[in-house]
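Me: I would like to go through a model and ask what stands behind each term used for it. Please show the sequence and the structure, and then set each value against its cut-off.

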Protein chains: 2
Amino acid sequence: MVIEKNDKLILLTNDDGLYAAGLKTLLEVMEEFGKVILISTMESQSGMSQALTVKTPLRVKLLEESDKHKIYACNGTPTDSVKLAVNQLLERVPDYVVSGINHGANASVSVLYSGTMAAALEGCLYGITSVGFSLNSFSPAADFSVCKDYIRIVMKKLESEPLPPGICLNVNIPAVEAEKIRGIKICRQSKGNWKEEFEKRKDPMGKTYYWLTGFFNNHEPEAQDTDEAALANNYVSVVPVSVDMTAHWYLDKLRERFGK
Amino acid sequence: MVIEKNDKLILLTNDDGLYAAGLKTLLEVMEEFGKVILISTMESQSGMSQALTVKTPLRVKLLEESDKHKIYACNGTPTDSVKLAVNQLLERVPDYVVSGINHGANASVSVLYSGTMAAALEGCLYGITSVGFSLNSFSPAADFSVCKDYIRIVMKKLESEPLPPGICLNVNIPAVEAEKIRGIKICRQSKGNWKEEFEKRKDPMGKTYYWLTGFFNNHEPEAQDTDEAALANNYVSVVPVSVDMTAHWYLDKLRERFGK
């Protein structure tokens, strides 16, 4: 793959691994927008959040090269993959970091646990326009093709004007037939948490172990301006996500409490 | 350990593992404030962010019990530990989730990668008043005792009034002699990122591998209201951290851009 000066350079990753259907779909669409460096893991890395690999060395291998893309396998987390690509593999800083399409929604507080969104946040920390895409379905038969048109819309918006520093986009797409999707809604992250999160079992030796499980509990089901509400109403949700986690609105009150 | 109705119940964890000096110091101080359930891992889990263990089962073991504390070992991440304790081990929802004392600062964007702060964020998602403490030193000889008085000050503030929903505290303590610490500053998260993050090596078989490394790059060294500035001036930094990552200030502009 030759990257010309005028080519857009796109760094693509995900947290469902190299064989995920959502990654294949996203690669197809990204090739319409530029030259693509894809880096991911052989196995899925769901729920890895922005974890870093600090205790074991990372390895990376070029698996495939065409006129339009290079595909690398890496043994790290999605965040490691972005760091490694930007620092070691790429000739220049990419124009975009694009992550997904995640198999399952990353709405509400799932953004905190998501490896997909962590990769986008990592791109954002490098000052790169970054976006994570997710499909709201855990079904093995999920149809990712419905995402294509909305990915194109979002990328065209980003082409016309980059995002401000410190912000990336979290895009969640309803898993319904294309004609049922009612458009795009700009949203805030819904308040919520996960409940009844463990299944307790006995192993064959009679020892207790636990599997992580549980269900999402939306704290504001009546709100209309959240990502959860958008998805429930068959809208594509777009949330601007900030790498600045400061609760700015609480700074003055906290200063008052501490007398500072 | 008997937990009386009037006892404050404190869930304590960290990401440096059960044998970390900072955890021992924090346990000593927490026993002044209530009954303590400590849960952590045998090995350190630094840089695990808010990662979840979804592919392997979790196990937990009671290691030690006294009048004032119970100590559990868990094989998961800091976030798993908090979830497991709240869902399976505790008789009631704890009054506080307290994490640390981390061996090394968690200022600026390190909050995104930190297992220590992820545990506090997880407590916060359960609606529990939560705080993470870190000492600004990676030295093996780091003296955590300097933290004690500031931990007491923060805990007393939280005793007098809980934090609002969705906010936890990120407390970083300078690693200097007690008399050099100039007090507490309420701060915002500094803008910054990590640079030159890999060391490339050859293994004995001649194959390339990479170690994560690098240094922190403060994007706003002149700012006075950041956690980085507070630490640099020997103040304890206290940042209110939000589980809501929405860039609220950018919502209207983004709606304009998308015509929504």
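## Terms and the values behind them

Reply: In this predicted model, H3(B) lies across E1, E5, strand E6 (129-136), strand E7 (167-174) and E13 of chain B, and runs at about 170 degrees to E6(B). Helix H4 (residues 148-160) of chain B also packs on the sheet. H4(B) touches E5, E6, E7, E8 and E13 of chain B, and its direction makes about 165 degrees with that of E6(B).

Me: Why are H2(B) and H3(B) called roughly parallel to each other?

Reply: Helix H2 (residues 78-89) of chain B and helix H3 (residues 115-125) of chain B pack at an angle of about 30 degrees, with their axes 8 Å apart. Angles under 35 degrees count as roughly parallel. H2(B) and H3(B) are therefore roughly parallel to each other. The crossing of H2(B) past H3(B) is right-handed.

Me: Which residues make the contact between H2(B) and H3(B)?

Reply: H2(B) gives Pro78(B), Thr79(B), Ser81(B), Val82(B) and Lys83(B). H3(B) gives Gly115(B), Thr116(B), Ala118(B), Ala119(B), Glu122(B) and Gly123(B). By class, the contact of H2(B) with H3(B) has four nonpolar, five polar and two charged residues. Gly counts as polar.

Me: What makes H1(B) and H4(B) oblique to each other?

Reply: Helix H1 (residues 21-30) of chain B and H4(B) pack at an angle of about 45 degrees, and their axes are 10 Å apart. Roughly parallel needs an angle under 35 degrees, and roughly perpendicular runs from 65 to 115. H1(B) and H4(B) are therefore oblique to each other. H1(B) passes H4(B) in a right-handed crossing. Thr25(B), Leu26(B) and Val29(B) of H1(B) meet Lys148(B), Ile151(B) and Arg152(B) of H4(B). That contact has three nonpolar, one polar and two charged residues.

Me: What makes E3 and E8 the edge strands of the sheet in chain B?

Reply: The open sheet of chain B has nine strands in the order E3-E4-E2-E1-E5-E6-E7-E13-E8, with mixed pairing. Strand E3 (60-65) and E8 of chain B each pair on one side only, and these are the edge strands. From one strand to the next, the twist averages 20 degrees.

Me: How do you know that E1(B) pairs with E5(B)?

Reply: Two strands pair if there are at least two bridges between them. Four bridges join strand E1 (residues 9-13) of chain B to E5(B), and the two run parallel. In E5(B), the bridge partner of Leu11(B) is Val97(B).

Me: What about strands E1 and E2 of chain A: how many bridges do they have?

Reply: Strand E1 (residues 9-13) of chain A and strand E2 (residues 35-40) of chain A pair in the parallel sense over four bridges. Leu11(A) has Ile37(A) as its bridge partner in E2(A). Helix H1 (residues 21-30) of chain A lies across E1, E2, strand E4 (69-74), strand E5 (96-103) and strand E6 (129-136) of chain A. H1(A) runs at about 145 degrees to E5(A).

Me: Where is there a cis peptide bond in chain A?

Reply: A cis bond joins Gly100(A) and Ile101(A), with omega about -10 degrees. Ile101(A) lies in strand E5 of chain A. In chain B, the peptide bond from Gly100(B) to Ile101(B) is cis as well, with omega near -15 degrees. Ile101(B) is placed in strand E5 (residues 96-103) of chain B.

Me: What is noted about the phi of Asn234(A)?

Reply: Asn234(A) has a positive phi of about 65 degrees, although Asn234(A) is not a glycine. The residue sits in the loop between helix H5 (227-232) and E13 of chain A.

Me: How many residues are in contact between the chains?

Reply: 61 residues of chain B are in contact with 61 residues of chain A. Among the elements of chain B that give two or more residues to this side are H2, H3 and helix H6 (251-258). The residues on the side of chain B divide into 35 nonpolar, 13 polar and 13 charged.

Key. Residues are numbered from 1 along each chain as its sequence is written. Chains are lettered from A and ligands numbered from 1 in the order in which they are written. This is a predicted model: local features need pLDDT of at least 70, side-chain atom pairs count only at pLDDT 80 or more; totals for chains, interfaces and linings use all residues. Axes are lines fitted to C-alpha atoms, for helices over the stretch in contact, and angles run from 0 to 180 degrees between N-to-C directions. Angles under 35 degrees count as roughly parallel, over 145 as roughly antiparallel, 65 to 115 as roughly perpendicular and the rest as oblique. A crossing is left-handed if the near helix is turned anticlockwise from the far one by less than a right angle, and right-handed if clockwise. Two residues are in contact if their C-beta atoms, placed from the backbone, lie within 7 Å.
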